[in-house]
2 protein chains.
Amino acid sequence: MPDTAPISRIRSGRRTDIRQQNERMILDAAERVFAEAGFGGATMQLIADMAGLPKANLHYYFPTKEALYRRVVRNIFEIWLDAASSFDDAAGPVEGIGAYVEAKMLISRQHPHGSKVWATEVMHGAPVIQDYLETTLRDWTEGRIAVIQRWIDQGQMAPIDPRHLLYMLWATTQHYADFGHQIETLNAGHPLTDRQWREATESVKQIILRGIGAL
Amino acid sequence: MPDTAPISRIRSGRRTDIRQQNERMILDAAERVFAEAGFGGATMQLIADMAGLPKANLHYYFPTKEALYRRVVRNIFEIWLDAASSFDDAAGPVEGIGAYVEAKMLISRQHPHGSKVWATEVMHGAPVIQDYLETTLRDWTEGRIAVIQRWIDQGQMAPIDPRHLLYMLWATTQHYADFGHQIETLNAGHPLTDRQWREATESVKQIILRGIGAL
DNA sequence: TCATTTTCTGACCGTATGGTCAATACGAAA
DNA sequence: TTTCGTATTGACCATACGGTCAGAAAATGA
């Protein structure tokens, strides 16, 4: 209707919109399929069907299956890293680790497929994201170890090996995404309710915070 | 040479030996390949090569890829269940959960491939072992929950939701197998040493036992 | 030695998959 | 309307894979 719509938005916006929208649909579908079937088991045809596009159109946006997979894995990794900030601006372990657990539990609930893709990738020896592990993740880990060590030195928690504490944080929170199907089966076949998610988060927080002597 | 070798052993033993030996080699190779490539990514050819047999010979012992996969998953599940006994004959949480953590950490170290196959299977929605989840695992879980609840009622530990405690035990111990590659990368590229495995086990035990108020 | 059962294997087949391509449709600017 | 770059798609191809099979080769027992 408005004939005075912003030129810039129309000029470069419209086309980019189509591209962005299709890429998003493809990435969402790919995340699900890769999570449920693995890289080898996933087929471009199934991803295409799920995204509502012909298969040839997929290859227009993502040249190869591996390129598509790379993007999916990278997306998850970035979501993960964002949750890390919870850690930094915290005065002590109760606040910092508590917030980190909450953030990661939320991701497990909102991005279960992504978590599974990541887990599978690592289990297969990280053929695609080995460089991330050796650079970004390693740096991040060192930084957090330093933070935890400081808390220990300040007497805010017991002298736990920070490395194993981090592994435990990752393991417990991601378990609710990666093994969600098993948990659901053991929950009489029903997905966890809001209340159960809260209880899970609180249980994890309490056990770990008490376990490291921070409570 | 000895013409008086036990008849019974030769009669039914020899042939079974060949069969058992080959099945074992195939299962070991299959476990590795399935763990590293997933069901879809694994190829019968690769499993055959790794077992040192022609592909057609595989199909002589295991009619289909899925049959082979089923056997691999079942084997792991049974190893897992054996570790459960640590739980039962224990007077309290320190002894019971401590022994369980140690048993499961040992399995993570000795059967990392099996753990990965199991994890992948569950992440894919347990298409092959859903019945196990709904029967054996569910029963086992209920039994352990009762044990933990008794410990709580007896005041031997804090009132933690037993279910989430179990999930935490599974998550933390299996993490050292399933994410072994990531841990190795963060360990300067070296596998954990004996000492590091002991430290990991102790860290997990301490945090959890203190976390549930059992220490 | 001979007969029988088990084990082994190369060659082969149908199918499914990742990827290509030429042709077409579409949208924006002139 | 014409032009031009972007987006779309059906048809097609080469390959790789799971699985089959007939027959050879061992192993076993008489």
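From the N terminus on, the elements of chain A follow the order α-α-α-α-α-α-α-α-α-α-α. Chain A thus described has eleven helices and zero strands, where helices (H or I, at least four residues) and strands (E, at least two) are DSSP runs numbered from the N terminus. The model is a predicted one, in which local features need pLDDT of at least 70 and side-chain atom pairs count only at pLDDT 80 or more, while totals for chains, interfaces and linings use all residues. Residues are numbered from 1 along each chain as its sequence is written, chains are lettered from A and ligands numbered from 1 in the order in which they are written, and side-chain values use heavy atoms, with hydrogens and water left out.

Along the principal axes, the C-alpha atoms of chain A fill a box of roughly 65 × 45 × 35 Å. Chain A is assigned domain 1 (7–63) and domain 2 (71–211), with bounds that come from an automatic or database domain assignment. The centres of these two domains of chain A, taken over C-alpha atoms, are separated by 29 Å. Ten residues from domain 1 of chain A and eight residues from domain 2 of chain A take part in the contact, contact meaning heavy atoms within 4.5 Å. Between domain 1 and domain 2 of chain A, an area of about 790 Å² is buried, and carbon and sulfur atoms give 68% of it. Buried area is here the accessible area (1.4 Å probe) that two parts lose on being put together, summed over both. Of the area that domain 1 of chain A buries against domain 2 of chain A, 59% is supplied by L27(A), E31(A) and A35(A), more than by any other three residues.

The contact between the chains takes 55 residues from chain A and 55 residues from chain B. About 4600 Å² is buried between chain A and chain B, with 66% given by carbon and sulfur atoms. On the chain A side, M123(A), L186(A) and I207(A) lose the most area to chain B, together 17% of what that side buries.

Helix 9 (residues 162–178) of chain A and helix 9 (residues 162–178) of chain B have axes that come within 8 Å and cross at roughly 120 degrees. Axes are lines fitted to C-alpha atoms, for helices over the stretch in contact, and angles run from 0 to 180 degrees between N-to-C directions. Helix 9 of chain A is therefore oblique to helix 9 of chain B; angles under 35 degrees count as roughly parallel, over 145 as roughly antiparallel, 65 to 115 as roughly perpendicular and the rest as oblique. The crossing of these two helices is right-handed, a crossing being left-handed if the near helix is turned anticlockwise from the far one by less than a right angle, and right-handed if clockwise. Residues of helix 9 of chain A in this contact include H164(A), Y167(A), W170(A) and Y176(A), and those of helix 9 of chain B include H164(B), Y167(B), W170(B) and Y176(B). By class, the contact comprises ten nonpolar, six polar and no charged residues; Ala, Val, Leu, Ile, Met, Phe, Trp, Tyr, Cys and Pro count as nonpolar, Asp, Glu, Lys and Arg as charged, and the others, Gly among them, as polar.

The axes of helix 7 (residues 112–123) of chain A and helix 7 of chain B come within 11 Å and cross at roughly 155 degrees. The two helices are therefore roughly antiparallel, and their crossing is left-handed. K116(A), A119(A), T120(A) and M123(A) meet K116(B), A119(B), T120(B) and M123(B), giving four nonpolar, two polar and two charged residues.
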